[in-house]
2 protein chains.
Amino acid sequence: MSEISKVYDRSRVPLYIQVASVMRRRIETKHWLPGQKISTLVELEREFEVARVTIRQAIDILREEGLLHSQQGRGTFVAETPVSRYWFKLATSWDALVDTIKDNVLKRIKVDLPPQSPTLREEEGELAPRYIFMRSVQYKDGEPYGVVSVHLADSVYRRAPDDFRQHPALSVLAGLKGIEVQEAHQTVVIGSADPVTAGLLRIELGAPIAECRCVVIDGKGVAVYVADIIYRSDAIKLHIDLLAGARASLRTAARGRAKGRAAGGSQVPLRSCN
Amino acid sequence: MSEISKVYDRSRVPLYIQVASVMRRRIETKHWLPGQKISTLVELEREFEVARVTIRQAIDILREEGLLHSQQGRGTFVAETPVSRYWFKLATSWDALVDTIKDNVLKRIKVDLPPQSPTLREEEGELAPRYIFMRSVQYKDGEPYGVVSVHLADSVYRRAPDDFRQHPALSVLAGLKGIEVQEAHQTVVIGSADPVTAGLLRIELGAPIAECRCVVIDGKGVAVYVADIIYRSDAIKLHIDLLAGARASLRTAARGRAKGRAAGGSQVPLRSCN
DNA sequence: CTCAATTTGTTCGTATGTATG
DNA sequence: ACATACATACGAACAAATTGA
């Protein structure tokens, strides 16, 4: 048995779907450029070590998706205008997070059996006595890309019920006076869509998703905001500035030394150490 | 047509695999608790609106994975010791990154046609004149979980060729004197495995993966280290302290006021340069 | 202990989908 | 396009183990 068929065998997914997913990826990663003619059926047959019909089935899928178009006698070509992916930048700081969500387009979803309170891990603070539960779907260009399920401490909710009903909870929370935020963190893992999520995001059951959990802990150690956010995996991108901490320190230090001086330019001096 | 079968129809993946993935998720999210008896076949039949045999096939998959076990006449139960997933914490700062990889278990892979130099985007700095290309696979408990493809500037490589051959490039780089790091960032998106990656990581073709790109830019604006790292999606977890920037500022400000006080504990003083 | 209800395990027939040559 | 082989999915019927009345 050849190397490549061992890879296929690892999967229970039909061959032509696997082949399609590989070709789709080549287009997305610009390995196959827009407008370019892709390999001939014969070449693909040899490369993937599958029958011609299987290649054709894979190409059919991508044609339906608008990623390829074929012309008899000429060949198969990559579409000129591939869909843009990974447009949503996951926030990595409080300010960025509040900023990105402040003018989100979202639609509230009714939940039949709202959970009374969130289930917290040890490091996620203490439970508040009462929570409000809300769920909404985020849209871009009419396409859903995220589902947000929020547990908001009732005490916080009562401060501005109308605002919380109409606007993203976190941005309302950030604007409230007198709330001391002791901790705010977000964890991200990759999971797969359950039927409810798949329905809301209009993706396949079991399709990869990014599961984000965002917890805000107040000055007393109480988790006042607990959000489970699920994004389509092809919508999001994460950009981490590995030197951000150092940069922030420098900025503050500089500010401390020469008070009021701007942190100057886009470049930072940094790392001449070692 | 019912709601749920609409969801199924969106996918070309076999039904029993979809059902299995939903049930797997319930176990992972503790919706079904360890040791608990899950719904009977008849109930599951009704819930998923599929035939009994299909439910059985799904359960068979999870039994093979060690997540479920059934007993005739009693029922089907969630395993007591579900496999731990998401154990690898993706680093979000330079120090954490250097720290996590410094004693990695990895195996070098020979690459037939190493690319001459990386393809950089605008924000990723200037190309160095020459690069060395290396690829390795990272293991935990004999299981592969990551593939690292590194382009290292030749000028840097020559500083310590032996070290670079034997140890993770980034930790060697971090230890080199006189290298000024101007930028270091990492972007993460979710993709799907191509045949080569699937083979190396022993996952299905098209299975979800985390694609990380890590770029280090030196003082002259040259990208000296460009790594494409691919992780199995079920291996990694990302923890973001949203207040890290603010915290770092505070820390430095405090240090500025009371000069010379050690940053305490086993933590490296770090970045006290400049 | 037996009986009935419950629950998983197995098998058949049929129809359609997948993959090859 | 065709013939062949195997996988997927359904519904139904029956067998075997477990439980509790």
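This is a predicted model: local features need pLDDT of at least 70, side-chain atom pairs count only at pLDDT 80 or more; totals for chains, interfaces and linings use all residues.
Chain A contains 10 helices and 10 strands, where helices (H or I, at least four residues) and strands (E, at least two) are DSSP runs numbered from the N terminus. Residues are numbered from 1 along each chain as its sequence is written, while chains are lettered from A and ligands numbered from 1 in the order in which they are written.

Let me stay with chain A for a moment. Of its 274 residues, 38% count as buried; a residue is buried if 20 or more other C-beta atoms lie within 10 Å of its own, exposed if 12 or fewer, and partly exposed in between, with C-beta atoms placed from the backbone. Among contacts in chain A between residues at least 6 apart in sequence, 59% join residues at least 24 apart. Contact here requires that the C-beta atoms of two residues, placed from the backbone, lie within 7 Å.

Ile236(A) belongs to strand S10 (residues 236-241) of chain A. Is Ile236(A) buried or exposed? It has 22 C-beta neighbours inside 10 Å and therefore counts as buried. Setting aside residues up to four places away in sequence, Ile236(A) touches Tyr86(A), Phe88(A), Leu90(A), Ala210(A) and Tyr231(A). From Ile236(A) to Val111(A) the separation is 125 residues in sequence and 25 Å in space, C-alpha to C-alpha.

By class, the surface near DNA strand C divides into 8 nonpolar, 8 polar and 3 charged residues. In this scheme Ala, Val, Leu, Ile, Met, Phe, Trp, Tyr, Cys and Pro count as nonpolar, Asp, Glu, Lys and Arg as charged, and the others, Gly among them, as polar.

The surface near DNA strand D has 6 nonpolar, 4 polar and 3 charged residues.

H2 and H4 of chain B also meet one another. Two packed helices are described by the angle between their axes and the distance between the axes. The axes of helix H2 (residues 15-28) and helix H4 (residues 52-64) of chain B come within 8 Å and cross at roughly 55 degrees. Axes are lines fitted to C-alpha atoms, for helices over the stretch in contact, and angles run from 0 to 180 degrees between N-to-C directions. H2(B) and H4(B) are therefore oblique to each other; angles under 35 degrees count as roughly parallel, over 145 as roughly antiparallel, 65 to 115 as roughly perpendicular, and the rest as oblique. From H2(B), the contact involves Leu15(B), Tyr16(B), Val19(B), Ala20(B), Met23(B) and Arg24(B), and from H4(B), Thr54(B), Ile55(B), Gln57(B), Ala58(B), Ile61(B) and Leu62(B). This contact has 9 nonpolar, 2 polar and 1 charged residues.

Next, backbone geometry. Most residues other than glycine have a negative phi, and most peptide bonds are trans. Glu49(A), although not a glycine, has a positive phi of about 55 degrees. Glu49(A) sits in the loop between helix H3 (41-48) and H4 of chain A, and is partly exposed, with 13 other C-beta atoms within 10 Å. Arg202(B) likewise has a positive phi, near 55 degrees. Arg202(B) is placed in the loop between helix H9 (195-201) and strand S8 (208-218) of chain B, and with 14 other C-beta atoms within 10 Å it is partly exposed.

I close with a loop residue of chain B. Ala91(B) lies between strand S3 (88-90) and helix H5 (94-101), and counts as buried, with 20 C-beta neighbours inside 10 Å. Beyond its neighbours within four places in sequence, Ala91(B) is in contact with Ala96(B), Leu97(B) and Thr100(B).
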